[in-house]
Amino acid sequence: MKLLKTLLATTMLIGASGIAQAETLRWARAGDSLTLDPHAQNEGPTSALAHQIMEPLIMRDMTGKVVPALATEWGPSADNPNEWHFKLREGVKFHDGADFDSEDAVFSLERAMTKDSDFKELLASVKSVRADGKYGLIIETNGPNPIMANNLTNMFMMDKGWAEANNAVKVQDYEGGEETFAARNANGTGPYKLVSREPDVKTVMTMNENYWGKDEFPMQVTEIIYTPIQNQATRVAALLSGEVDFIQDVPVQDLARVDGADGLKVQTAPQNRVIFFGMNQGDADLKADDVDGKNPLADLRVRQAMNMAINREAIKKIVMRDQSIPAGMISPPFVNGWTAELDAVPATDIEKAKGLMADAGYADGFSIRLDCPNDRYINDEAICQAAVGMLAQIGVKVQLDAKPKAQHFPLINNLETDFYMLGWGVPTYDSEYIFNFLVHTKGEKYGSWNGTRFSNPELDKVIESLAAETDLPKRNGMIADIWKVVQDEQLYLPIHHQVLNWGMADKVDTVVAPDDAAKFKYFKLN
Amino acid sequence: MLIYSLRRIFQSIIVLLVVGLVAFSMFRFVGDPIDNMLGQERTDADIERLRTELGLDQPFIVQYGKFLSNAATGNLGVSYRQGRPVASILLERAPATLELAAVSGLFAMIVGVGLGVFTAIRRHGFAANFIMTVSLIGVSLPTFLIGILLIYLFAVELGWLPSFGRGETVMVGGWSTGFLTASGLKALILPSITLGLYQMTLIMRLVRSEMLEVLRADYIRFARARGLRERAINFRHALKNTMVPVITITGLQLGSIIAFAIITETVFQWPGVGLLFINAIQFVDIPVMAAYLMLISVMFVGINLIVDLLYFAIDPRLRVDTNAVES
């Protein structure tokens with residue numbers, strides 16, 4: 001141990017005094033990017049890796065703020081609200097030397113709208129994309145869409161010529177049996193160039209010397225070595241032993257250890273993800289309960305009683321080891337529409353809850369099955385276990401059924417669960433996204449994640465009209481009205497906002513990004 | 001001989017087909033791959049379209065038939081998770097697992113035989129008893145715990161060995177090897193010990209009991225009476241006769257080392273087929289799961305087939321019996 005400390009101290013001294021030219025950052029997280037094809041998978045680690053190599057028109061910086069990337073100016077046209085005009089950055093080159101212009105932007109956005117693209121839903125309101133000169137782009141929408149630009153922050157730009165030359169015009173489709181060239185190769189405009197990549201093993205990137213923002217951003221990391229390490233104990237061990245400099249997904253039970261270790265620190269920030277329970281309140285009778293001919297969850301008083309019975313502070317202290325922010329609404333804090341009043345944590349009041357249960361005719365309680373994932377959210381199964389005990393206090397006898405996510409989520413989608421856990425992140429940072437998926441009646445285009453069977457046609461109309469409301473104060477008023485209904489109806493039982501933990505060597509200087517995507521061009525090294 | 005062989009081969013094929021059938025009937029209990037493949041923003045229509053495209057709406061028998069007919073032409077399908085042909089992924093990952101299995105098999109064999117002989121010869125000594133007790137711990141501790149303990153000791157506390165990965169690898173032909181670099185060799189140590197520990201204790205205990213048996217045999221006593229040196233008796237005569245069952249067991253265990261490398265590979269982030277399989281299960285990557293399970297069953301069925309045929313060649317009694325039945 002002493003030897004290790006000496007060694008560490010020596011290496012740090014060398015690092016501090018010596019060559020500041022080549023700075024390698026060794027980065028590990030639980031999962032690897034699934035593909036380098038920028039439109040094939042809309043998934044956290046995949047987009048996070050793509051952000052080092054490729055760039056969207058506009059992006060979010062490490063604090064979640066929208067900033068220019070390959071577009072320098074944008075906004076809806078003054079005379080036609082259905083048209084968004086983008087001014088593209090001039091003089092930008094792809095890693096292979098090709099110029100970036102409006103032709104590439106049109107190609108990339110149209111590629112993202114094809115049927116095999118995972119991003120086509122985010123562009124569902126787009127009618128057409130066309131060039132306006134070499135450095136101008138016009139996106140025309142079906143009706144005005146005031147937050148269209150928010151959907152573009154993970155929509156990466158590819159070089160049209162490169163894609164055509166390498167037979168990568170189409171997004172990966174699984175039936176073809178062939179691998180698209182773009183799945184393993186990348187040619188972006190981003191701050192780092194791909195050097196080598198073995199999926200699930202190692203990806204090496206080096207600084208793009210010709211990057212347009214070389215002087216604008218710190219760019220102190222000159223080489224990135226990215227290794228996924230799935231086992232959390234091994235991941236922490238790799239950081240403790242100094243084999244990696246920066247890890248995401250530090251398990252909560254190891255936080256104190258990492259923070260207490262010499263030369264290491266942990267940084268935390270609220271994540272863009274809220275955890276809650278959904279309840280089937282629409283069906284006349286439930287399958288997973290012991291009440292015949294009635295649905296106890298359809299009674300508002302029962303839902304309110306359950307809400308009062310859950311002790312969020314206890315979950316935070318015991319289950320999450322202080323690594324959560326108790327929630328009163330199902331929206332992360334930085335989302336448009338979030339207010340501190342709505343997110344106020346409901347008081348735990350067992351007596352009052354029992355009274356409500358008795359009023360509803362369930363003085364003796366009832367039993368119900370709770371479906372819960374066990375490999376998706378931080379301590380998901382343990383949260384459900386805690387909830388089982390808390391709900392038992394008001395007579396709701398819960399049988400917990402915890403399963404891997406691949407089995408849990410189909411239950412929600414196929415409406416086979418009456419009481420379930422779900423987590424939600426909001427990539428657009430606007431409440432409309434939450435309403436579209438979680439509040440609107442489940443149907444073809446909307447409500448695909450709404451497993452509550454809640455249906456309010458009038459509210460649906462308001463939700464649908466949000467997309468085209470260009471008067472922002474009025475739109476915010478509508479959002480507030482919808483939230484009021486969601487809260488009054490006790491549509492969901494919010495639990496908490498997840499907290500992100502990044503563990504790193506002391507030399508690494510960064511803030512924690514709420515979307516869990518580290519963008520290394522912002523990293524500083526001491 | 002020919003008829004016997006043909007019959008054994010036919011039986012092996014039946015076993016393979018049944019394994020595949022059972023595997024395919026289980027896949028839907030693993031979960032639904034569609035959710036992992038589509039983003040959060042997918043609509044119900046997208047789910048339906050992809051399900052139809054992948055043929056997941058078909059009964060599992062049809063899916064299995066399609067897999068078999070494709071596999072017969074050498075097409076193992078495309079991984080749902082990586083979007084790459086399964087065959088090329090498997091080829092890429094196989095060297096890591098095979099090298100790990102070879103080193104841990106060798107470790108188990110050498111150390112196991114050595115300690116087995118030692119504990120048999122000095123069976124009342126303190127060291128021998130100590131080794132026997134410790135080996136019990138080795139058998140009863142789960143692999144992942146041993147792995148984590150080794151990582152904690154040798155990577156975190158002492159900082160001698162890497163905690164994860166294969167180190168630097170070199171491509172020799174299409175084979176990525178870790179044998180040719182210092183970091184590659186260092187990276188092999190901890191996972192090999194973790195993976196081979198169970199087999200090592202097994203071999204050690206087997207050698208010890210066989211050895212004790214042999215040491216009591218008449219020819220050893222005669223050898224002693226003849227005044228041969230202890231060393232010659234122990235290693236020339238006793239050990240040689242001990243090795244027959246040990247080699248049989250070791251051969252069979254090599255198959256299970258490869259098949260059960262899954263846990264070790266997960267703990268050490270070893271980029272082999274075991275880790276690939278774990279990832280495939282979590283993602284419900286049916287083409288990869290199917291190919292891996294078929295590959296492992298081909299391996300086991302193949303080993304058994306060879307063993308059966310060897311027995312036939314060696315043991316004349318089998319030949320007589322079959323002839324009697326046939327004629």
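In which helix of chain B does B:Arg8 lie? B:Arg8 is part of helix α1 (residues 2-30) of chain B.

## Basis of the description

This is a predicted model, in which local features need pLDDT of at least 70, side-chain atom pairs count only at pLDDT 80 or more, and totals for chains, interfaces and linings use all residues. Residues are numbered from 1 along each chain as its sequence is written, and chains are lettered from A and ligands numbered from 1 in the order in which they are written.

## Chain B overall

Chain B has 14 helices and two strands; helices (H or I, at least four residues) and strands (E, at least two) are DSSP runs, numbered from the N terminus. The C-alpha trace of chain B spans about 85 × 70 × 35 Å along its principal axes.

Of the 327 residues of chain B, 36% count as buried. A residue is buried if 20 or more other C-beta atoms lie within 10 Å of its own, exposed if 12 or fewer, and partly exposed in between, with C-beta atoms placed from the backbone. Among the contacts in chain B with a separation of 6 or more, 70% join residues 24 or more positions apart. Two residues are in contact if their C-beta atoms, placed from the backbone, lie within 7 Å.

## B:Arg8

B:Arg8 is partly exposed, because 16 other C-beta atoms lie within 10 Å. Apart from neighbours within four places in sequence, B:Arg8 is in contact with B:Leu305, B:Asp308 and B:Leu309. B:Arg8 and B:Ala217 are 209 residues apart in sequence, and their C-alpha atoms are 37 Å apart in space.

## Domains of chain B

Chain B is assigned domain 1 (1-81 + 284-327) and domain 2 (93-282); such bounds come from an automatic or database domain assignment. The centres of domain 1 of chain B and domain 2 of chain B, taken over C-alpha atoms, are separated by 30 Å. Each side of the contact is listed with its count: 10 residues from domain 1 of chain B and 10 residues from domain 2 of chain B.

On the side of domain 1 of chain B that touches domain 2 of chain B, helix α13 (residues 286-314) of chain B gives the most, with seven residues. By class, this side has eight nonpolar, no polar and two charged residues. Ala, Val, Leu, Ile, Met, Phe, Trp, Tyr, Cys and Pro count as nonpolar, Asp, Glu, Lys and Arg as charged, and the others, Gly among them, as polar.

## A helix pair in chain B

Helix α9 (residues 218-226) and helix α10 (residues 230-259) of chain B have axes that come within 11 Å and cross at roughly 150°. α9(B) is therefore roughly antiparallel to α10(B). Axes are lines fitted to C-alpha atoms, for helices over the stretch in contact, and angles run from 0 to 180 degrees between N-to-C directions. Angles under 35 degrees count as roughly parallel, over 145 as roughly antiparallel, 65 to 115 as roughly perpendicular and the rest as oblique.

The crossing of α9(B) and α10(B) is right-handed. A crossing is left-handed if the near helix is turned anticlockwise from the far one by less than a right angle, and right-handed if clockwise. B:Tyr219, B:Ile220, B:Ala223 and B:Arg224 of α9(B) make the contact with B:Ile233, B:His237 and B:Ala238 of α10(B). The classes in this contact are five nonpolar, one polar and one charged.

## Domains and a helix pair in chain A

Chain A is assigned domain 1 (4-245 + 507-525) and domain 2 (271-499). Their C-alpha centres lie 33 Å apart. In chain A, 14 residues of domain 1 are in contact with 14 residues of domain 2, and the domain 1 side has five nonpolar, seven polar and two charged residues.

The axes of helix α7 (residues 300-309) and helix α9 (residues 350-359) of chain A come within 8 Å and cross at roughly 160°. α7(A) and α9(A) are therefore roughly antiparallel to each other, and their crossing is left-handed. The residues of α7(A) that meet α9(A) include A:Val302, A:Ala305 and A:Met308, while A:Ile350, A:Leu356 and A:Met357 are among those of α9(A). This contact divides into eight nonpolar, one polar and three charged residues.

## Positive phi in chain A

A:Met219 is not a glycine, yet has a positive phi of about 50°. A:Met219 sits in the loop between β9 (202-207) and β10 (223-228) of chain A and counts as buried, with 20 C-beta neighbours inside 10 Å.

## Contact between the chains

Between the chains, 41 residues of chain A are in contact with 43 residues of chain B. On the chain A side, α1 (2-17), α5 (232-240) and α11 (405-413) are the elements that give two or more residues. That side has 19 nonpolar, 12 polar and 10 charged residues.
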